[in-house]
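Try each one yourself, then read the worked solution.

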Amino acid sequence: MPKKSILFLLLVSASVSLNALDFTLNGKPWKSFTSEKLQTLSYPVPAEGNNAVGISIDELFPPMYDAWKMNISIEDGLIEKKETRLADQLPRIYLIKTDSEWALKGPGWTVEDVQGIDLRGEKLITSKLEIWTNWEGEDLLKEEISRYAELHNISINTVSVPRPDSKLIAVSGGGGSVPDLIMVQSTYMESLSKSESIQNLDYMYPEGLIKEGREAFSLNGKTWAVPFYYDAQMMFINTGLMETPKNSWTTKDYETYALQLKNREIIPSAWNAYSSSFLIPFQISFGKKTLIEPDGSVIINDEANIKSLKYILSLQERGLMEPMERDAMTSMFVSGDVGMIISASYSIPYFEKLGIPFEAVPLPINSETGIRLSGLLDFKGFAVPKKSRNTAAAVRLIEYLCGTGVQQRFTAAVSKLPASEAALELAAEANRYMKQLTVGSETGTIIPPDQAFGIYKNTMWKMLRFALSGRMTPEAVLEQTQKIINNNLQ
C-alpha cells in the first residue's frame with residue numbers, strides 16, 4: 001500500500017479515537033463510543049435548563065453487583081467521584097450533551113468536558129435472563145428489553161404470559177423453572193405474596209418513583225413489586241358528535257352535553273355500569289375517603305355509596321347514560337353511535353389506530369361536592385420470583401426499565417403514565433394526552449392490592465345489575481352487598 005494511503009488511514013483512525021469517549025472497568029477497556037453514537041443513544045434527561053439530552057451511566061457500563069468510585073478523565077487531568085451505593089445510583093447519573101461535547105451530572109455535582117470514565121467495582125456475572133410479560137405495549141417493551149440486552153451483551157428471553165400470577169404460583173409450587181422477572185398487576189399482590197412466590201423488594205426500591213406506585217404494590221408493610229406504568233380512567237369524547245369539554249368541566253356540564261345528544265337521538269353516554277370500577281369514581285366524588293378500611297373491612301352501605309348509585313340511576317332514568325358491557329360500549333363508540341364513554345388510557349392507542357375522531361379528557365368535577373370523579377389508577381410493575389436464579393441481574397433490569405429513558409419512551413408511545421416522576425414531566429411533550437392524563441391521575445384512586453378489593457369488585461359486579469334493572473332499590477342492593485362481602489371476608 002502506498003505510504004500516503006497508510007498515512008491517511010492513520011490520520012482517520014486518530015481522528016475517530018479523538019472524537020470517542022472511552023469507558024473502562026477497573027482500568028481495563030470496556031467500550032468506546034463516538035460522540036455521534038452517544039447522541040443516537042441519548043434521550044431527554046432531568047437537568048438544569050431545558051432540552052437537556054443524554055444517557056444514564058448504567059447503560060454504558062455492564063450491570064454491576066457493586067461499585068465504589070468513578071475516575072472521570074477531563075482535558076486537564078482526573079476527577080474522582082465516590083457515592084454511597086454507587087451501583088444503585090448509576091441509573092440517575094447522566095452523561096449529558098453540551099456545547100463543549102459531554103458533561104457528567106450526578107446528585108449535586110457536574111463535571112464538564114468529560115473525555116472518558118473508569119468505573120471501579122464488581123461486575124455482575126450473568127449471561128441469560130427470562131422475563132414474563134403481559135398487557136398492552138408488549139412489542140415495544142420487548143424492544144426496550146432487547147436494547148438493554150444488546151448494550152450489555154446479555155441473552156434475555158421475553159415470554160408473553162396471559163395470567164403470569166397464576167402461572168408463577170403453579171410453577172413455583174410444582175417445583176418448575178421460574179423466570180427471573182415477572183410483570184404483575186397490583187391486584188396480584190395478595191395471592192403472590194401469600195403463596196411466597198415473589199420476593200420482598202424493599203431493599204432495592206429505586207429512587208424517583210411516585211409514592212402511589214409503591215402503595216399499589218405494598219401489603220403488610222412490605223413492597224412486593226416495583227411500578228412500571230399505570231392507566232387512568234378518562235372520559236372519551238366522540239368529537240364528530242360534540243365539542244371537547246374543558247378539563248375543568250363538571251357533572252352539570254356533562255348532563256348538558258348528554259341532553260343535547262339525546263335531543264339529536266344519539267345515545268349520549270355509555271359505560272359498563274355493572275362494574276364497581278365505574279361506581280368507585282362517583283363514590284369518591286361524593287366524599288368516600290377510602291375503599292378498604294384500616295381494619296381490612298369494606299363499607300359499602302354508607303351515604304357516599306348511596307348517593308353515587310342514586311346519581312347513576314338518575315342518569316339512566318333520564319336517558320343520559322345507557323349501561324353496556326365493555327365490548328358493546330367500545331363498539332358503539334367506534335361506530336359513532338355513542339357520544340361519551342368512560343374507559344381507561346389503554347384505549348387511546350386502539351382508537352388512534354382506528355382513526356376515529358375522539359378526545360380523552362379527565363372525568364368531570366362533581367357539581368354537588370366540588371370533588372372530581374376519581375378515576376381508578378391501574379398499576380403494572382415488575383416482581384422478582386422467590387426462586388429466581390439471577391436476582392441481582394433482575395434487579396438491574398428493573399432499574400433500567402424504571403429509568404428515565406425507557407419510562408418516557410414507552411409511556412409516551414402507548415399513552416400510559418410513567419411511574420418515574422422525572423419521566424412524567426419529560427414525556428409531556430411527546431404525547432398530546434399527557435396533560436389530561438396527569439390532571440385525571442392527580443385525583444385518582446389506586447386499585448388496592450388487598451384481597452378484600454377483589455371480593456368487593458366481584459360482589460358488586462353481580463349486585464349492581466339488580467339496581468340497574470330496577471328489581472331492587474339502591475339501599476336494598478347496598479345492604480345485601482354489605483352482607484355478602486362481610487360473609488366472604490370472615
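A residue counts as buried when its relative accessible area is under 20%, and as exposed when that value is over 50%. Keep this cut-off at hand, and bear in mind that the model is predicted.

**Exercise 1. Is Asn 272 buried or exposed, and where does it sit in the chain?**

Step 1: Locate the residue. Asn 272 lies in the loop that runs between strand 17 (267-271) and helix 9 (280-285).

Step 2: Apply the cut-off. The relative accessible area of Asn 272 is 6%, so this residue is buried.

Step 3: Look at what surrounds the residue. Setting aside neighbours within four places in sequence, Asn 272 has contacts with Phe 278, Met 324, Glu 325, Arg 326, Met 329 and Trp 461.

Step 4: Asn 272 and Met 324 are 52 residues apart along the chain, yet their C-alpha atoms are separated by 5.0 Å.

**Exercise 2. Find the helix that holds Ile 145, and say which residues Ile 145 touches.**

Step 1: Ile 145 belongs to helix 4 (residues 138-152).

Step 2: With a relative accessible area of 1%, Ile 145 is buried.

Step 3: Not counting residues up to four places away in sequence, Ile 145 touches Ile 131, Ile 156, Thr 158 and Leu 401.

**Exercise 3. Why can helix 13 be called largely enclosed?**

Step 1: Helix 13 covers residues 391-401, and Leu 401, the partner of Ile 145, is one of its buried residues.

Step 2: List the others. Ala 393, Ala 394, Val 395, Arg 396, Leu 397, Ile 398, Glu 399 and Tyr 400 are buried as well.

Step 3: Draw the conclusion. Nine of the eleven residues of helix 13 are buried, so the rest of the structure largely encloses this helix.

**Exercise 4. Describe the protein chain as a whole.**

Step 1: Count the elements. The chain has 18 helices and 23 strands.

Step 2: Along its principal axes, the C-alpha trace spans about 95 × 50 × 40 Å.

Step 3: Turn to burial. Of the 490 residues, 54% count as buried.

Step 4: Consider the contacts. Among those between residues at least 6 apart in sequence, 72% join residues at least 24 apart.

Step 5: Finish with charge. There are 49 positive and 58 negative side chains, and the centres of the two sets lie 4 Å apart.

Definitions and conventions. Residues numbered from 1 in each chain as written. Predicted model: local features only at pLDDT ≥ 70, side-chain atom pairs only at ≥ 80, totals over all residues. Heavy atoms only, no water. Helix = DSSP H or I, 4+ residues; strand = E, 2+ residues; numbered from the N terminus. Buried < 20%, exposed > 50% of the residue type's maximum accessible area, 1.4 Å probe, protein only. Contact = heavy atoms within 4.5 Å. Lys, Arg positive; Asp, Glu negative; His and termini not counted. Charge placed at Lys NZ, Arg CZ, Asp CG, Glu CD.
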